[in-house]
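User: I am new to this structure and would like to be walked through it with care. Could you take my questions one at a time and show how each answer is reached?

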Amino acid sequence: MRPALPLLLALAFGSLCPAAESLPPLKDGRVPTNLTELWGAYDPRAEALESEVTKEWEQDGIVCRVIRYRIGTFKGQPATMAAFYAFPKGAKTLPAILQIHGGGQSASLSAVVTNAKLGYASLSLNWGGNKMTFADGKIYDGPNTAWGSLDATHPPQRNKANHFAGPTEPDAYTLDPVDSPRNDNWFLVTLAARRALTFLEKQPEVDPTKLGVTGHSMGGRLTVQLTGIDERVKAAVPSCGGSGDFTGDPATFPGGAESKRSPRDLATRSENPYITRLKVPTLWFSPTNDFHAHTYNFAYTWREVAAGRLGFSISPHFNHRHSDDHSLTATLWFEQHLKGTYQLPATPQLQEKKATADGLATFVVTPEAGRPVKEVRVYATADAHALTAFWRTIPTTAVGQEWRAAVPVLDAKDPLFVYADVIYETPEAYRKIPTNPGVGQSATFALSSRVLTLTGARLAAAGVRPSAQRDRMIDDGTHGWQDWFRLNWGNPTLWTATTRKVKDPLWRGPLGARLAFEINPANDTTLYVTLTRNAWGAFGPGTGEYYAAVPLKANGGWVSVELGVEDFQPVDPKGAQPLQNWSTLTELSLQGHASVVKDGTKTALPSTPWKNAAVTRVRQMRWVGGQYQGDAPTAPELSEAERTKAFNDAIKASLEQEKKDRDGK
């Protein structure tokens, strides 16, 4: 495509001749019942793209454009897609990366510019139809995505139904006049992404045989669907999306969230049939506790994807984002499979072995021989609630070419979920590469193993016996922030460290205990300790967030803090119950800032910047006093309304965190 002059940009979309429909009408009203029928003979190259450049500029040697292309014609009206496109000026035969944004987001200029600086042409779709933003924060006010007679944007949208999550019954903005999987927005946006591949392969600076795709959240799921249906994709990195629907037996494959979908939906609208078609190198790029990419569902639905084409990059403790070393792995995946400039080590192998003599579950990690390994970490949890599970770091011992780990269990009937990370030194060429907002450069990168899911019966058959003991010491500080995930680390006000360790029965708070710890402020400031109770219905109905504001006087060393349940106030007092005990905690955070809800509005509490935010430490975090009172409550299933609210709240929180990323670490 050659840049068009501004006066010529209003061509193409007002053709005098009506275009043929991109998708044929249903034959005798019969709707598709599988993926083959859903896509039929659709050819994403068949229709003219009628692409146009609506804005062009250069920055740092990168050519940047806002473009639009024709998605297709539906119900007599054209649908068009806006996008950011970037590539290194003067470069030829470039590999190209298609980037697909997540829910509530828009096309990302930073993503395509970062990819261009790394030596790729890159296109970021604006499928959701939201305003597109330039690097200086200004809003692009030119022609945007227009779905015509359909509406495949993300809510809020013109039609009242959410055809990403809800039923596919017909309305004014659906393709078919009957309940049909072709009314599903996942299908429509996947079709638009297939047309994006057509755009990329036609660009003079692009090598059409080297097309990759990545996307985050909803874009992660779309990445899986696109990779499964379009053979032009040669490498894929779905981020936080695409785990699919669990259709197994929880008695033999624990932890999965059982699907309630109809057979037709499982065969057409689910990721499952796309996953079975994956044939190119695909990196599963999702953290342990992601709300949108269920870890245990993934372990089941992806279990038969061939090891030779599947890699794993699983950040421990995070939800809907990644650690820097795992983010680098995603970059290296494309460097290997699109450029051929780097060869990643092979996927590490994780195997269950016979229990030790004292009844500990035993596992062996085997990295690729001959590649120097910096560290091997094994993570394990007995918690079948994937979204709130705490993943314990299990010590490993090197024995020849293997690393061994022994895991004590608390209860004979509990399942066990285990995976391993193998840590490697970053090659010099990749230590200072450009990164996206919220992602730092890393001196290491991490490759993960598959996630093993073991029933209590299987563990018993291997000789495993209960041996773990409850521990009042939550974190003695000797392992740094090993059991936490950190956000905006180093920012004097926005820094946050969070752990789910208080949910694990091994470290759950006794009744009547007090929370005590030491922290090292470099100046007089305020520490906010926040607690989340019963996130995602882990212990039944009702959830809540609580905070305690702790004034600290710096003394050049460690400052002691001790808190009881009475010291915590609800973040949103409307209808909130006082914190009664520690038994249903799912998260504990230490942070330099906090917000409360006043009259329905989120309001920031006073904060004083921390001079040592980048080197803040905690130690001797423990429960003082109190008595253990048996197990925490069991968890009945959330209602659909409760699950939808939790899901929407999680999306909102993710978008808020991304804004913090853009505002600075």
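What follows is a set of questions and answers on this predicted model.

User: What is the mean pLDDT of the protein, and over which residues does pLDDT stay under 50?

Analyst: This is a predicted model, and pLDDT is the predictor's confidence in each residue, from 0 to 100. Of the residues of the protein, 92% reach 70 or more, and the mean pLDDT is 93. The stretch where pLDDT stays under 50 has 27 contacts beyond four places in sequence in the model, and this stretch is residues 1-16.

User: In which order do the nine strands of the open sheet come, and which are the edge strands?

Analyst: The sheet is open and its pairing is mixed, with the nine strands in the order 1-2-3-5-4-6-7-8-9. An edge strand pairs on one side only, and this holds for strand 1 (52-59) and strand 9 (310-313).

User: What does the twist average from one strand to the next?

Analyst: Going through the sheet from one strand to the next, the average twist is 20°.

User: How many bridges pair strand 3 with strand 5, and what is the bridge partner of Tyr-85?

Analyst: Strand 3 (residues 77-88) and strand 5 (residues 121-125) pair in the antiparallel sense, and four bridges link them. Within strand 5, the residue that partners Tyr-85 is Leu-123.

User: Which strands does helix 3 touch, and what angle does its direction make with that of strand 2?

Analyst: Helix 3 (residues 185-201) packs on the sheet, where it touches strand 2 (62-74), strand 3, strand 4 (94-100), strand 5, strand 6 (206-216) and strand 7 (233-239). The direction of helix 3, taken against that of strand 2, makes an angle of about 130°.

User: Which strands does helix 4 touch?

Analyst: Helix 4 (residues 218-229) also packs on the sheet, and its direction makes about 140° with that of strand 6. The strands touched by helix 4 are strand 4, strand 6, strand 7 and strand 8 (282-285).

User: How far apart are the end C-alpha atoms of helix 3, and what span should its 17 residues have?

Analyst: At 1.5 Å a residue, the 17 residues of helix 3 should span 24 Å. This agrees with the model, in which the end C-alpha atoms of helix 3 are apart by 25 Å.

User: Is Leu-200 buried or exposed, and with which residues beyond four places in sequence is it in contact?

Analyst: Leu-200 lies in helix 3, a helix that is mostly covered, with 17 of its 17 residues buried. Since buried means under 20% relative accessible area, Leu-200 counts as buried because its relative accessibility is 0%. Leaving aside neighbours within four places in sequence, its contacts are Tyr-85, Ala-96, Ile-97, Leu-98, Leu-123, Val-206 and Leu-211.

User: Why does Thr-453 count as buried, and which residues is it in contact with?

Analyst: Thr-453 has its place in strand 18 (residues 452-454). Thr-453 is buried because its relative accessible area is 10%, which is set against a cut-off of under 20%. Apart from neighbours within four places in sequence, Thr-453 is in contact with Phe-253, Pro-254, Ala-299, Leu-416, Phe-417 and Arg-458.

User: Which residues make up the covered face of strand 15, and which residue takes a positive phi in the hairpin of strand 14 and strand 15?

Analyst: Strand 15 (residues 402-407) has an uncovered face formed by Glu-402, Arg-404 and Ala-406, while its covered face holds Trp-403, Ala-405 and Val-407. Strand 15 is joined to strand 11 (residues 361-366) by five bridges, the two running antiparallel, and it pairs over four bridges with strand 14 (residues 396-399), also in the antiparallel sense. The hairpin of strand 14 and strand 15 has two residues between the strands, and the one with a positive phi near 65° is Gly-400.

User: How many bridges join strand 23 to strand 24, and which residue stands opposite Arg-533?

Analyst: Strand 23 (residues 525-533) and strand 24 (residues 544-552) run antiparallel and are joined by nine bridges.

User: How many disulfides does a search of the whole structure find?

Analyst: A disulfide requires a pair of cysteine sulfur atoms within 2.5 Å. Cys-64 is buried, with a relative accessible area of 0%, and Cys-240 likewise counts as buried at 0%. The search of the whole structure gives a number of disulfides that is zero.

Methods:
Residues numbered from 1 in each chain as written. Predicted model: local features only at pLDDT ≥ 70, side-chain atom pairs only at ≥ 80, totals over all residues. Heavy atoms only, no water. Buried < 20%, exposed > 50% of the residue type's maximum accessible area, 1.4 Å probe, protein only. Contact = heavy atoms within 4.5 Å. Pairing = 2+ DSSP bridges. Axes fitted to C-alpha atoms, helices over the stretch in contact; angles between N-to-C directions. Expected span 1.5 Å × (residues − 1).
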